[in-house]
Amino acid sequence: MDFTFDDQQLAFRDAIRKFLMVEAAPEWLREIWETTETGRSAELRAKLADQGLTALSVPEEFGGINVGDLDWTLVQQELGYFAIPDSLTATAYLGVYLLNHLPADVALKREWLPRIAAGQARVAVGHPINPMVADAKNADLLLLWHEGEVHALSPAQATLRMNPSIDLSRRLYKIEWTPSEATRVCKATIGQKLWAGTIDRAGLAISAQLIGLAQRMLDLGVDHAAQRKQFGKPIGSFQAVKHHMADVAVKVEFAEPVVHRAAYALAHDDPQAPLYVSQARLAAGEAALLAARKSIQVHGAMGYTWEADLQMFMKRAWALNATWGDTKFHKARVTAAVLGDAARLGPGTTFA
């Protein structure tokens with residue numbers, strides 16, 4: 001099995017990295033979160049669409065690029081590294097997956113996929129595993145779970161109640177709505193499989209973002225250790241600090257291929273893909289949480305202040321690690337796979 005990414009995939013990853021380095025500076029993201037009600041920038045969204053990010057998963061017949069889970073994993077690592085908010089992933093990866101796999105006679109996919117590819121529509125996805133739906137108020141379309149079915153409605157058809165988050169880049173909403181024949185676009189006989197695939201892809205996306213976040217926090221810790229001085233020398237020269245950063249580097253180095261293995265499994269319809277996704281979530285979560293803890297120790301109390309970049313990535317890692325299945329959920333899935341105990345699995349998640 002070859003986990004090596006080809007030159008085209010790496011070149012696209014590098015192009016996205018250079019773009020985000022310029023367009024998504026931490027000080028600018030903080031300003032957006034503080035000064036706008038939605039916490040989102042139409043200007044940045046348009047630029048992301050120009051880079052082709054909103055069209056990545058959309059089939060070519062609907063104006064997209066039609067790339068798969070492996071390509072998305074590299075992109076998600078960069079989205080994590082630069083703390084790009086959830087709405088891009090929810091729309092261009094999860095929303096497109098659900099829409100694209102609806103039955104062929106469902107007009108919804110023909111209506112929304114071209115708009116998503118052009119960057120003209122936002123989608124929010126809701127499932128019981130995630131009681132709070134990110135960016136629901138900003139969305140043009142809500143795709144929601146109900147007893148295995150897929151329902152589609154506009155935010156105007158629901159009551160949205162905002163819920164605070166420790167990560168100010170996240171706009172979370174509790175949705176109150178009434179399922180009906182008018183909102184249902186897919187029966188449970190088909191929907192259960194779609195939701196299982198959505199959970200796995202959400203888990204993969206979160207895992208990749210956590211790897212990106214861990215690497216960013218590691219880089220911030222190393223930079224601070226090189227600049228901060230005590231007793232006339234950089235603190236990075238002290239053995240204890242070196243060990244902190246080395247521990248994080250090892251965790252990230254070992255977790256990253258586990259995430260890539262999960263992406264490969266999903267891309268190739270491996271029956272054990274849910275197992276590999278949960279393994280990736282656990283490994284990436286451990287790396288990100290360790291990076292947050294060690295980097296804040298290197299920074300001292302100042303690392304938690306609003307003006308410090310570290311707090312952005314640290315809080316995001318904490319929040320994402322409980323998104324689309326917390327540690328307990330993914331440990332239960334791994335246990336279920338190992339023991340063959342289907343009763344331990346969550347709603348809509350099955351192993352072959």
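**Overall architecture, sheets and selected loop residues**

The protein chain comprises eleven helices and nine strands. The structure is a predicted model, and the descriptions below refer to that model. For a chain of 352 residues, the radius of gyration of a compact globule would be near 20 Å; the value for the protein chain is 20 Å and therefore agrees with that expectation. The C-alpha trace extends over about 70 × 50 × 40 Å along its principal axes. Of the 352 residues, 55% are buried. Among contacts with a separation of 6 or more, 70% are between residues 24 or more positions apart. The accessible surface of the protein chain amounts to about 15,400 Å², and carbon and sulfur atoms contribute 53% of it.

One consists of four strands in the order S1-S3-S4-S7, and its pairing is mixed. From one strand to the next, the twist averages 30 degrees. Strand S4 (residues 149-153) and S7 run antiparallel and are joined by two bridges. Histidine 151 has arginine 184 in S7 as its bridge partner. Helix H5 (residues 87-100) lies across S1, strand S3 (141-146) and S4, and it runs at about 65 degrees to S1.

The other open sheet has three strands in the order S2-S6-S5, paired in the antiparallel sense. Here the edge positions belong to strand S2 (133-134) and strand S5 (159-163); because each has a single partner strand, one side of each is left without a neighbour in the sheet. Strand S6 (residues 172-176) pairs antiparallel with S2 over two bridges, and alanine 134 has leucine 172 in S6 as its bridge partner. S6 is also joined to S5, again in an antiparallel arrangement, by five bridges. Within S6, lysine 174 is the bridge partner of arginine 161. In general, strands of a sheet pair through backbone hydrogen bonds, in either a parallel or an antiparallel sense.

Several loop residues were considered individually. Threonine 54 is located in the loop between helix H3 (42-50) and helix H4 (69-81). Its relative accessible area is 1%, so threonine 54 is classed as buried. The side chain of threonine 54 makes polar approaches to two backbone oxygens: that of isoleucine 116 is reached at 3.3 Å, and that of alanine 117 lies 3.1 Å from a polar atom of the threonine side chain. When neighbours within four places in sequence are set aside, threonine 54 is in contact with Arg45, Leu48, Ala49, Leu88, Ala92, Ile116, Ala117, Ala118 and Gly119.

Although asparagine 66 is not a glycine, it has a positive phi of about 65 degrees. With a relative accessibility of 46%, asparagine 66 counts as partly exposed. A positive phi, of about 60 degrees, is also found at aspartate 135, which is likewise not a glycine. Aspartate 135 belongs to the loop between S2 and S3. Its relative accessibility is 4%, and aspartate 135 therefore counts as buried.

Serine 169 is placed in the loop between S5 and S6. At a relative accessibility of 0%, serine 169 counts as buried. The side chain of serine 169 is joined to that of aspartate 167 by a polar contact of 2.9 Å. Apart from neighbours within four places in sequence, serine 169 is in contact with Trp33, Arg40, Pro85 and Arg316. Serine 169 and alanine 49 are separated by 120 residues in sequence, and their C-alpha atoms lie 19 Å apart in space.

How values were computed: Residues numbered from 1 in each chain as written. Predicted model: local features only at pLDDT ≥ 70, side-chain atom pairs only at ≥ 80, totals over all residues. Heavy atoms only, no water. Buried < 20%, exposed > 50% of the residue type's maximum accessible area, 1.4 Å probe, protein only. Polar contact = N/O pair within 3.5 Å; in protein donor to acceptor, adjacent residues only side chain to side chain. Contact = heavy atoms within 4.5 Å. Pairing = 2+ DSSP bridges. Axes fitted to C-alpha atoms, helices over the stretch in contact; angles between N-to-C directions. Rg over C-alpha atoms; globule rule 2.2 N^0.38 Å. Areas by Shrake-Rupley, 256 points an atom, 1.4 Å probe, with all protein chains shown as cover.
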